[in-house]
Amino acid sequence: MLSSEEIKKRAGANAADFVKQGATIGLGTGSTVYWLIQELGERTKQGLNITVVPTSAQSAQLAKEAGITVSDLDKVDQLSLTIDGADEIDPKGQLIKGGGGALLQEKIVASASKELIIIADYTKLVKQLGKFPLPVEVISFGYKQVWKKILQSGVCKEIKLREKEGKIFITDHQHYILDCYCEKIEDAFLLNENLHLIPGVVETGLFINMTTKAIIAYGDGRVEEIKFK
Ligand code: 5RP
């Protein structure tokens with residue numbers, strides 16, 4: 001049985017094969033994407049010439065350190081491909097993302113991409129979304145009102161304001177994150193729509209009908225490719 005880090009490394013490194021010479025790709029965020037960046041950095045040293053549009057300050061930093069050219073979404077028309085991690089993946093490829101707090105930029109970059117490849121270890125595959133608390137990015141002003149409205153809607157039993165090292169977690173865009181404990185999400189599409197109707201909600205961690213492929217790594221060394229579109 002491989003260690004969890006080794007499993008993530010396999011998922012990340014395998015996905016590098018989808019990145020072609022000269023490509024400009026969306027680059028996700030997280031501990032699995034870390035390994036993708038390391039692999040792309042190695043290939044860059046060996047002559048791969050690519051540009052990445054990062055989904056967070058963290059990934060931008062890692063890409064620069066790995067010697068990869070970093071660009072801005074406003075400098076490109078459309079991305080052929082984005083590679084990102086996920087917190088949950090259901091059998092239709094619907095996702096919960098945002099465990100790392102980068103969901104807003106991740107969703108913007110993914111929606112500017114023709115293809116979204118998700119890299120993950122097997123523990124992220126679920127029958128139904130919801131066990132992982134759903135991150136909802138909100139404007140800091142009046143966030144308790146948003147909290148109240150989400151609770152009143154009955155979609156979740158508990159909401160926690162995300163904290164990091166004892167302080168409120170602030171996103172790259174100066175927002176807060178409400179982690180919503182739903183347990184089971186019956187209709188992810190509807191929940192996403194309804195959450196967007198609440199004033200103050202900036203984005204949700206539900207990525208609906210965006211995933212084209214998932215690269216899933218297992219403890220026994222296997223790496224599986226699942227196609228969704
Ligand atoms: C960050 C994300 C990450 O992609 C997600 O949390 C998965 O991260 P990891 O690969 O570290 O498990 O959505 O906002």
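1. **Ground rules.** This is a predicted model, in which local features need pLDDT of at least 70, side-chain atom pairs count only at pLDDT 80 or more, and totals for chains, interfaces and linings use all residues. Residues are numbered from 1 along each chain as its sequence is written, and side-chain values use heavy atoms, with hydrogens and water left out.

2. **The ligand site.** I would start with the ligand, which has 17 residues around it, the closest being Ser31, Thr32, Asp87, Gly98 and Lys124 (a residue is near a molecule if one of its heavy atoms lies within 4 Å of it). Helices α2 (31-45) and α4 (103-111) each contribute at least two residues to this shell; helices here are DSSP runs of H or I with at least four residues, strands are runs of E with at least two, and both are numbered from the N terminus. Sorted by class, the shell holds three nonpolar, nine polar and five charged residues. For that count, Ala, Val, Leu, Ile, Met, Phe, Trp, Tyr, Cys and Pro are nonpolar, Asp, Glu, Lys and Arg are charged, and the others, Gly among them, are polar.

3. Two side chains deserve a look: an N or O atom of Thr32 is 2.6 Å from a ligand oxygen, and an N or O atom of Lys97 is 2.9 Å from a ligand oxygen. The backbone takes part through Gly101, where an N or O atom lies 3.4 Å from an oxygen of the ligand. Taken alone, the ligand exposes 380 Å², and the protein buries 91% of that (accessible areas are from the Shrake-Rupley method with a 1.4 Å probe).

4. **Two pieces of sheet.** Strands β5, β6 and β14 make an open antiparallel sheet in the order β5-β6-β14; two strands pair if DSSP finds at least two bridges between them. Because β5 (88-89) and β14 (206-207) are the edge strands, each with a single partner, one side of each has no neighbour in the sheet. Two bridges link β5 to β6 (residues 95-96), and Glu88 faces Ile96 across that pairing. Elsewhere, β8 (residues 134-138) has five of its five residues buried, buried meaning under 20% relative accessible area, exposed over 50% and partly exposed in between (1.4 Å probe, protein chains only). Leu134, Val136 and Val138 lie on one side of β8, with Pro135 and Glu137 on the other. In a regular strand the side chains alternate between the two faces of the sheet. β8 pairs antiparallel with β12 (residues 176-181) over five bridges, with Pro135 opposite Asp179. Three bridges join β8 to β13 (residues 201-204), also antiparallel, and there Val136 stands opposite Thr204.

5. **The cysteines.** With a disulfide taken as a pair of cysteine sulfur atoms within 2.5 Å, the count is zero. For Cys180, the nearest cysteine sulfur belongs to Cys156 and is 4.4 Å away. Now the opening question: the closest sulfur to that of Cys182 is also in Cys156, and at 5.0 Å the gap is too far for a bond. Both Cys180, at 2% relative accessibility, and Cys182, at 7%, count as buried.

6. **One last residue.** Asn194 sits in helix α6 (residues 188-196) and is partly exposed, at 40% relative accessible area. Asp220 is 26 residues from Asn194 along the chain, and their C-alpha atoms are 41 Å apart.

Definitions and conventions:
A polar contact is a pair of N or O atoms within 3.5 Å; within protein, one must be able to donate a hydrogen and the other to accept it, and residues adjacent in sequence count only if both atoms are side-chain atoms.
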